[in-house]
Amino acid sequence: MAAVSIADASPIDRNSDNDEARIVVRVTEARSSAPIQELSAPGAVAVAVEDFDGDGRDDLAVATGAGEPTMIFLNAADPNSADAGPFTSLAVSTDDSSEAAAIAAGDLDGDGSADLVVANSDGPNHVLFNNGSAGFETTALESGAGASNAVAMADVDGDGLLDVVFANEGMNTVHRNLGSRQFTAGEDVGEGPSTGVAAADLAGDSRPELVFANLDADAGVYSRADVSYANTASLETGPATSVAAIDFDADGADDLAFGRSASADLVFLNTSGGTASFSVAERLADSHTVGLLLGDFDADGRNDIVAIGAAGTHRLYTSGGSAGTAFMPHPEQFAGKAATGGALGRFDADGAPDVAVAGSDVVAIFLNDGRGNFGGGIAGMPRLTLNGEPTVFVTVGDAYEDAGATAIDDVDGDLTEHIVVDNPVDTDVIGAYTVTYEVEDSSGNRATATRTVEVQARSGSGGGGGAVGPILLLLFSLAAAVRGRSSRAALWR
């Protein structure tokens, strides 16, 4: 806690009661600046996490704002390699093309496979139905209210099917799921411009309420009544960028957290008793937050908050109170490039919630060590492998042709053509030479390898050559003569 007071003995304001203020100073001990992996995704603006190919591992869907198709990165985590990035560097592109602002995943058609909804800032929104193997069929879904800024899925009408909710520049809309991949036209749910939406059972009636964060107004909570939606609460958030819901105080009711761009992020505890009502429990640090991820990041049984920062610095606030209402910055924060959105998933085998952050034409993967630390560093250096033997022997005067090497990187893929070779071998001069291979990935990680080439003297031929040949011939002649005399002596007997 820091105290701030006015030093001037004669302040302009004669009311001495407001000459002192107290603020909370939040300090962290360290900041990590290295994701475990960066996936190339031009125009990336938002990311959703689900198991899209049915192999039991969380995959990524990346929405782009550059008129490019949605990208799917499949999880190929190697349990035997702790420093390898979990995702394939080559993405599968869907057949939609959009100016996306947000993306959400869930099983819309009840076939057991996760589908996608892409909210677009220009043009129709898209539903992408999954065939079960990360192949998608695209259907347009008109928002009816201009640009869409955020999207969520929830069963708003209790029929067992996930419906789709858009936060729009104009009226917000709900498209109810009719089954057989059909949806209703948009039903109005409060007026935007809205920047974020969350769906949760806030009143305890087993039906989800819809919460909209607004660009220039307080947040609104809406409940469905028969065929329409009623505004049941207004929260004094001021302008906000995002909203998320989870139970912070372990009372069985979801609470709310709001990200904001020009002032402190807010935590509201749910005090509902039949009707939705909330109280401010925490004001976090001032920062431009573009999204909030909620979950138990430090494995203490209490839900925490990750605030995704637009400038690339992301903040983990851990719950330190017995009632889950006191949040403190984790000693190690993490950072990357400028961000537009993020998602929570479990990308490796340890079960701890990990983080994917979209923005700056990449998706950055931060793996949690189970204690809330995300500083694993970018996946190790490229794997540089020699072709052929590490030691090669060459006869002086003969030509030498180097066998080369190959290079593979977890993020950049095949880097073989980028290998730089230093080859000093001179086969006219006897001696040992070292050929050096070096390659660098897009993250600045370098790998090197070497090969030894030994240029040797040419071996002698023809029995040794020089004076040795005549001596051997003389010895052979003497031996033949002795054998001849012995044979004649035997005949004479």
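**Labels and their grounds**

Ser206 is found in the loop between strand 19 and strand 20 (209–214). Helices (H or I, at least four residues) and strands (E, at least two) are DSSP runs, numbered from the N terminus. This is a predicted model, in which local features need pLDDT of at least 70 and side-chain atom pairs count only at pLDDT 80 or more, while totals for chains, interfaces and linings use all residues. Residues are numbered from 1 along each chain as its sequence is written, and side-chain values use heavy atoms, with hydrogens and water left out.

Q: Why is Ser206 called exposed?
A: Exposed means over 50% relative accessible area, buried under 20%, and partly exposed in between (1.4 Å probe, protein chains only). Ser206 has a relative accessible area of 69%, so Ser206 is exposed. Its phi is also positive, about 65 degrees, although Ser206 is not a glycine.

Q: What makes Ala299 exposed or buried?
A: The relative accessibility of Ala299 is 60%, so Ala299 counts as exposed. Ala299 sits in the loop between strand 27 and strand 28 (304–309). Phi is near 60 degrees there, a positive value in a residue other than glycine.

Q: Which omega goes with the peptide bond from Gly192 to Pro193?
A: Omega is near 10 degrees, and the bond is cis. Pro193 belongs to the loop between strand 18 (187–191) and strand 19.

Q: How many helices and strands are there in the protein chain?
A: The protein chain has one helix and 41 strands. Of its 493 residues, 45% count as buried.

Q: What makes a set of residues a nonpolar core?
A: The members are buried Ala, Val, Leu, Ile, Met, Phe, Trp, Tyr and Cys residues, joined through side-chain atoms within 4.5 Å. The largest such core has 19 residues, of which Leu60, Val62, Phe73, Phe347, Val363 and Ile365 touch the most other members. Elements giving two or more residues include strand 6 (59–64), strand 7 (71–73) and strand 34 (362–366). Strand 5 gives the most, with three residues. A second, separate core of 18 residues includes Val394, Ala449, Val453 and Val455.

Q: Which residues is Phe73 in contact with, leaving aside its neighbours within four places in sequence?
A: Contact means heavy atoms within 4.5 Å. Among the partners of Phe73 are Leu39, Leu60, Val62, Phe87 and Ala91.

Q: Why is one space called a pocket and another a cavity?
A: The test runs on a 1 Å grid over the protein atoms alone. A cavity is a set of points where a 1.4 Å probe fits but cannot get out; a pocket is an open set with protein on both sides within 12 Å along at least five of seven lines. Lining residues have an atom within 4 Å of a point. Grid points are joined across faces, edges and corners, and a volume is the space filled by probe spheres set on the points. The largest pocket has a volume of about 1400 Å³, and the largest cavity about 40 Å³. The count comes to one cavity of 30 Å³ or more.

Q: What lines the largest pocket?
A: The lining has 44 residues, of which Ile103, Val151, Val243, Leu292 and Gly342 lie nearest the centre. They divide into 33 nonpolar, 10 polar and one charged. Here Ala, Val, Leu, Ile, Met, Phe, Trp, Tyr, Cys and Pro count as nonpolar, Asp, Glu, Lys and Arg as charged, and the others, Gly among them, as polar.
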